Amino acid sequence: MNTDTADDQDESGVATWIVEVFVAVCLFLLGTVVAYNSWKLGAGWRDDGPGAGYFPFYIGLLICVSSAIVGVRGLRSGTRDQKVFVTRSQLKLVLTVLLPSLAFVVAVQVVGIYVGSLLFIAGFMIWVGKYHWAKSVGIAFVVMAIAFLMFEVWFKVPLFKGALDPLHFLGY
């Protein structure tokens, strides 16, 4: 699906090569941390086989080499390619999903997966889908009631209830 419009193409933003180099540096640092800690753990070969850090060490090295290649390619293309990575309007669409998702992660820690999901579903339906609040809350409640019955009652698999445990009165 192509969502480019004339307005999107005229918008400014960060060049793609800058984002590629930034991500490559971050991944290189991650690979360095993995390789270093794996080396400290024991990345060599022991009498009984590989040490505990053997495979993670080489994964860390692979991440470092791969990110170095991406970083060098990004720096080389930076001089001739100024294509915009994401425009403001495209970023707004991404943030429309990202920000509520981050709020959901925080809500799950406080009120648990069931209440957090109910708020997420209802909020998303109201904000993004433009549904009436009563319909949104009703659908979210039914979906989460079914999920609660399925996990807590039928499968007997308790899911996280949150720090406040607002469903404690149900006895689960």
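This is a predicted model: local features need pLDDT of at least 70, side-chain atom pairs count only at pLDDT 80 or more; totals for chains, interfaces and linings use all residues.
Me: How far apart are the C-alpha atoms of Glu20 and Arg80?

Reply: Their C-alpha atoms are separated by 14 Å, while along the chain the two residues are 60 places apart.

Me: How should I read the buried residues of a helix, and which are they in helix 3?

Reply: The general idea is that an α-helix has 3.6 residues a turn, so residues three or four places apart point the same way. In helix 3 the buried residues are Phe57, Gly60, Cys64, Ser67, Gly71, Gly74, Ser77 and Gly78, and what covers them includes helix 2, residues 16-42.

Me: How do I read the crossing of two helices, and at what angle do the axes of helix 4 and helix 5 cross?

Reply: An angle over 145 degrees counts as roughly antiparallel. The axes of helix 4 (residues 88-127) and helix 5 (residues 133-154) come within 8 Å and cross at roughly 150°, which means that helix 4 is roughly antiparallel to helix 5. The crossing of these two helices is right-handed.

Me: Which residues make this contact, and of what class are they?

Reply: Helix 4 contributes residues including Ile113, Tyr114, Leu118 and Met125, while helix 5 contributes, among them, Trp133, Phe141, Met144 and Glu152. By class, the contact has 17 nonpolar, two polar and one charged residues.

Me: What should I make of phi, and what value does Lys156 have?

Reply: Most residues other than glycine have a negative phi. Lys156, although not a glycine, has a positive phi of about 55°; it is placed in the segment after helix 5, and with a relative accessible area of 63% it is exposed. Asp165 also lies in the segment after helix 5, and its phi is positive, near 45°. With a relative accessible area of 21%, Asp165 is partly exposed.

Terms used: Residues are numbered from 1 along each chain as its sequence is written. Side-chain values use heavy atoms; hydrogens and water are left out. Axes are lines fitted to C-alpha atoms, for helices over the stretch in contact, and angles run from 0 to 180 degrees between N-to-C directions. Helices (H or I, at least four residues) and strands (E, at least two) are DSSP runs, numbered from the N terminus. Angles under 35 degrees count as roughly parallel, over 145 as roughly antiparallel, 65 to 115 as roughly perpendicular and the rest as oblique. A crossing is left-handed if the near helix is turned anticlockwise from the far one by less than a right angle, and right-handed if clockwise. Contact means heavy atoms within 4.5 Å. Ala, Val, Leu, Ile, Met, Phe, Trp, Tyr, Cys and Pro count as nonpolar, Asp, Glu, Lys and Arg as charged, and the others, Gly among them, as polar. Buried means under 20% relative accessible area, exposed over 50%, partly exposed in between (1.4 Å probe, protein chains only).
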